[in-house]
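Dear colleague,

My notes on it follow directly after.

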Amino acid sequence: MKPFQLLIKPVSFDCNLRCNYCFYLRVADEYPKINHPRMSKEVLEHMIAEFLQFNFNESIFGWQGGEPTLAGLEFFKKVVSLQQKYGKTGQIIGNAFQTNGILINDEWGNFFHNFRFLIGLSLDGPKDIHDRYRKSIGGKSVWQKVMNAAECLKRNKVEFNILCVINKSNVNRVKEIYNFFLDNDFTYLQFIPTLEVDVDGKKASFSINPTQYGKFLCQLFDEWKKNLNQASIRTFNGILAYYYGYPKGCCTIEKECAEYLLIEWNGDVYPCDFFVQQTYKLGNILEENLSNLKNKRDNSFKKLKVKLGKECLSCNWQELCYGGCIKDRIFPDNPHPEKTYFCEAYKIFYQHSNEWFLEQTKNK
């Protein structure tokens, strides 16, 4: 079987923040009357034992939420213990962990360091930007706690990336947020455009439009290329890899969706965290083996991304985009559902950057 990863939601939608643009809070509708979902030891052990039996070259577990630290440090100590129990000698096991940072302290930092967890820390920029849409349940600022978490990770020598959501508060402040990250020695960066609907099914006020996103990418690229050694930006690294003939490593612009299964707190399996809905549910790991569940995904959901419209098939940038993310194609307020909502953004950026990328590979 082709290697795949697990994206795990041990506390599902439960979170200690109420970010305006969070798409995962609505998963609560899939589990009514469950206020604080938690993955049981039975589900956890079954999942780890079966996944490690595949003995892939690398067995990667991705832990997300909601907010995964709400599961508690003891839960993740159990995770490592079970990985050690069921892993074979020489088997490579990796753990990626996405967090808002609010509960991170030295105990967490020491644990992450000891077991080589790779952390994704959510931070949208300076305080006024971050506070615009990312606040506590009570509406209070959490920016300083996130900055403290970053310092804690540094202090404990934990590898981490910054996950920055591009929204109305920072889309026009590219140089400012980029310099803020560099000034704080945050050099591994991911930028994620926000695109959500409001209660009327229209593009939410905090979402950005294609022109804004295109200009953001161009301005960020121009800052980044001034000194490539200052920062690693996932999107640009992926595009550069393509020009050198390697996979991009970024599912949004790859030909196919990433190879993984999403595991919810109770063992329910979905094809992607943007599609945790009954319509897309594949099954449950306590009732069906992972091989069958992965085959279901391959024979249904995975085929959606490769179905491109006429405009995409004739586009000069097809191999750099492949229609973008499926969720941006089926976005309810997308005027052209046969292609990604951000189609024009990608065209703007690729036209702006193509010559530079080609120049880098002339002597490859």
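A cavity, as the word is used here, is a set of grid points where a 1.4 Å probe fits but cannot get out, and its volume is the space filled by probe spheres set on those points. The model is a predicted one, and the remarks below should be read with that in mind.

**The cavity**

A search of the whole structure finds one cavity of 30 Å³ or more. The volume of the largest cavity is about 130 Å³. It is lined by 14 residues, of which Cys312, Cys315, Cys321, Gly323 and Cys343 are the closest to its centre. Helix 10, helix 11 (318-321) and helix 13 are the elements that give two or more residues to this lining. Helix 13 gives the most, with four residues.

The model contains an open sheet of 10 strands, with mixed pairing and the order 7-6-5-4-3-2-1-8-9-10. Strand 7 (232-233) and strand 10 (283-284) are the edge strands; each has a single partner strand, so one side of each is left without a neighbour in the sheet.

Strand 8 (residues 260-263) and strand 9 (residues 268-270) are paired in the antiparallel sense, over two bridges. Within this pair, Leu262 has Tyr270 of strand 9 as its bridge partner. Helix 9 (residues 290-299) packs on the sheet, where it touches strand 8, strand 9 and strand 10. The direction of helix 9 makes about 110 degrees with that of strand 8.

Two parallel pairs may be described next. Strand 1 (residues 5-8) pairs with strand 2 in the parallel sense over three bridges, and the bridge partner of Leu7 in strand 2 is Gly62. Strand 2 (residues 58-63) is mostly covered, five of its six residues being buried. Strand 3 (residues 92-99) and strand 4 are likewise parallel, with four bridges between them; here Phe97 has Ile119 of strand 4 as its bridge partner. Four of the five residues of strand 4 (residues 118-122) are buried, so this strand is largely enclosed by the rest of the structure.

**Helix 2 and Val80**

Val80 lies in helix 2. What is the relative accessible area of Val80? The value is 5%, and as the cut-off for a buried residue is under 20%, Val80 is classed as buried. Leaving aside residues up to four places away in sequence, Val80 touches Phe111, Phe115 and Phe117. The C-alpha atoms of Val80 and Asn105 are separated by 19 Å, the two residues being 25 residues apart along the chain.

Helix 2 (residues 73-86) also holds both Lys77 and Glu74, which are three residues apart, about one turn of the helix. These two residues form a salt bridge in which the closest N and O atoms are 3.4 Å apart. Lys77 is partly exposed, with a relative accessible area of 35%, whereas Glu74 counts as exposed at 56%.

**Salt bridges**

Side chains of opposite charge can pair when their charged atoms come close. With a limit of 4 Å between a side-chain nitrogen of Lys or Arg and a carboxyl oxygen of Asp or Glu, the count comes to 26 salt bridges.

One of them lies in helix 13 (residues 343-360), which contains both Lys347 and Glu344, three residues apart, about one turn of the helix. The closest N and O atoms of Lys347 and Glu344 are 3.7 Å apart. Glu344 counts as partly exposed, with 38% relative accessibility.

Lys302 lies in the loop between helix 9 and helix 10 (310-313), and Glu259 in the loop between helix 8 (234-243) and strand 8, so the pair ties together parts that are 43 residues apart in sequence. Both partners are buried: Lys302 has a relative accessible area of 13%, and Glu259 one of 15%.

Yours sincerely

Definitions and conventions. Residues are numbered from 1 along each chain as its sequence is written. This is a predicted model: local features need pLDDT of at least 70, side-chain atom pairs count only at pLDDT 80 or more; totals for chains, interfaces and linings use all residues. Side-chain values use heavy atoms; hydrogens and water are left out. Two strands pair if DSSP finds at least two bridges between them. Contact means heavy atoms within 4.5 Å. Axes are lines fitted to C-alpha atoms, for helices over the stretch in contact, and angles run from 0 to 180 degrees between N-to-C directions. Buried means under 20% relative accessible area, exposed over 50%, partly exposed in between (1.4 Å probe, protein chains only). On a 1 Å grid over the protein atoms alone, a cavity is a set of points where a 1.4 Å probe fits but cannot get out, and a pocket is an open set with protein on both sides within 12 Å along at least five of seven lines; lining residues have an atom within 4 Å of a point.
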